[in-house]
Amino acid sequence: MGGEIGEMVGFSALLLCMVMGLTVANFHSSEVFTLLEDVELPTFVVFFALTGASLRLDVLTANWLIPLIYVIAWGIGKVGGVFAGAPLLVRKKWSRNIWDLPCSPKLDSL
């Protein structure tokens, strides 16, 4: 709904939705988040499907070296950060598994 309103007044739908999310995250109680948990996954699926559908692959294939360097640097940073930071983690048992802490968006399981 916010994206459509943004399009009608000439704003970027993506930017408007990000601002709305920032507002909800900072100015509302945790009850809002419990209500939104049911629609979180379908919303992400629709968002990334629409974003991926508008991706211009011709630009990506013409400039393939920059995304390749970015992905390699991201991977090195992710794995290197785990190996460098895991010994500093204050836990009885720590792991160097790259999926433990840095790749997990929700830290409820700790």
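Helix 2, residues 13-27, packs with helix 3, residues 30-53, at an angle of about 160 degrees, and their axes lie 14 Å apart. Axes here are lines fitted to C-alpha atoms, over the stretch in contact for helices, with angles from 0 to 180 degrees between N-to-C directions. So helix 2 runs roughly antiparallel to helix 3, a label for angles over 145 degrees. The crossing of the two is left-handed: the near helix is turned anticlockwise from the far one by less than a right angle.

Now the residues. From helix 2, Leu14, Val24 and Ala25 meet Val32, Phe33, Leu36 and Phe47 of helix 3. Contact means heavy atoms within 4.5 Å. By class, that contact has seven nonpolar residues, no polar and no charged ones. Nonpolar covers Ala, Val, Leu, Ile, Met, Phe, Trp, Tyr, Cys and Pro; charged covers Asp, Glu, Lys and Arg; the others, including Gly, are polar.

A word on the model. It is predicted: local features need pLDDT of at least 70, side-chain atom pairs need 80 or more, and totals for chains, interfaces and linings use all residues. Numbering starts from 1 along each chain as its sequence is written, and side-chain values use heavy atoms, leaving out hydrogens and water.

pLDDT, the predictor's confidence in each residue from 0 to 100, averages 76 over the chain. Helix 5, residues 65-85, has the highest mean among the elements, 85. Helix 1, residues 2-9, has the lowest, 75. Over residues 106-110, pLDDT stays under 50.

Overall, the chain has five helices and zero strands. Those are DSSP runs, numbered from the N terminus: H or I of at least four residues for helices, E of at least two for strands.

How values were computed:
Parallel < 35°, antiparallel > 145°, perpendicular 65-115°, else oblique.
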